[in-house]
Amino acid sequence: MAQSSNRCHCSVPCCSNNKQKTPYLSFHDFPADAEIRARWVRAIRRKGGPSFKILRGSTHVCSQHFPPEDLNTSASGRIRIRQGAVKPCHPSLRSVCLQLVASS
């Protein structure tokens, strides 16, 4: 579900997108279904635990990490993720992430 709060930020490692800086992106809660949620966590290369907890309404993935065919826009303009969509980091962000990790 897309969120409209200005406090939204993307949970994907090395992604600094947030609603205030990138208002043209949509931010989506992790799925309620445990199996699909686990696939999202693996796809974004995160591990659950003390340093990463999925909280409904405050843990998001931005639309930049999904290909256009996985995004559906309603008549009112609301963007939703296609049911069952699971994609890894967007290719354009992978190189940025690798550069950040290499420079650490």
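Student: How many salt bridges does the structure hold?

Tutor: The structure, which is a predicted model, holds 1 salt bridge. The partners are R82 and D70, and their closest N and O atoms are 2.8 Å apart, which lies within the 4 Å that a salt bridge requires.

Student: Is D70 buried or exposed, and how should I read R82 in the same terms?

Tutor: Buried means under 20% relative accessible area, with partly exposed lying between that value and 50%. D70 has a relative accessibility of 1% and therefore counts as buried, while R82, with a relative accessible area of 34%, is partly exposed.

Student: I would like to turn to the rings; how many aromatic pairs does a search of the whole structure find?

Tutor: A pair of aromatic rings is described by the distance of the centres and the angle of the planes. In this structure the search finds 2 aromatic pairs. In the pair of F30 and W40, the ring centres are 5.5 Å apart and the planes stand at 55°, so the pair is tilted. This pair links distant parts of the chain, since F30 sits in the loop between β2 and α1 and W40 in helix α1, 10 residues apart. Both F30 and W40 are buried.

Student: What are the distance of the centres and the angle of the planes for W40 and F66?

Tutor: For W40 and F66 the centres are 5.3 Å apart and the planes are at 50°, so this pair is tilted as well. With W40 in helix α1 and F66 in the loop between β3 and β4 (71-73), the pair ties together parts that are 26 residues apart in sequence. W40 and F66 are both buried, and F30, W40 and F66 together form one aromatic cluster.

Student: Where is T59 found, and which backbone nitrogen does its side chain reach?

Tutor: T59 is found in the loop between α1 (34-43) and β3 (60-62), and its side chain reaches the backbone nitrogen of L55 at 2.9 Å. At 6% relative accessibility, T59 counts as buried.

Student: What is the phi of C14?

Tutor: C14 has a positive phi of about 70°, although C14 is not a glycine. The residue lies in the loop between β1 (2-3) and β2 (27-29), and at 33% relative accessibility C14 counts as partly exposed.

Student: To place these residues in the whole, how many helices and strands does the chain have?

Tutor: The chain has 2 helices and 5 strands, and from the N terminus on its elements run β-β-α-β-β-β-α. Of its 104 residues, 36% count as buried. Among contacts between residues at least 6 apart in sequence, 59% join residues at least 24 apart.

Terms used
Residues are numbered from 1 along each chain as its sequence is written. This is a predicted model: local features need pLDDT of at least 70, side-chain atom pairs count only at pLDDT 80 or more; totals for chains, interfaces and linings use all residues. Side-chain values use heavy atoms; hydrogens and water are left out. Helices (H or I, at least four residues) and strands (E, at least two) are DSSP runs, numbered from the N terminus. Buried means under 20% relative accessible area, exposed over 50%, partly exposed in between (1.4 Å probe, protein chains only). A polar contact is a pair of N or O atoms within 3.5 Å; within protein, one must be able to donate a hydrogen and the other to accept it, and residues adjacent in sequence count only if both atoms are side-chain atoms. Rings of Phe, Tyr and Trp (its six-membered ring) pair if their centres lie within 6.5 Å; planes under 30 degrees apart count as stacked, over 60 as edge-to-face and the rest as tilted. A salt bridge is a side-chain nitrogen of Lys or Arg within 4 Å of a carboxyl oxygen of Asp or Glu. Contact means heavy atoms within 4.5 Å.
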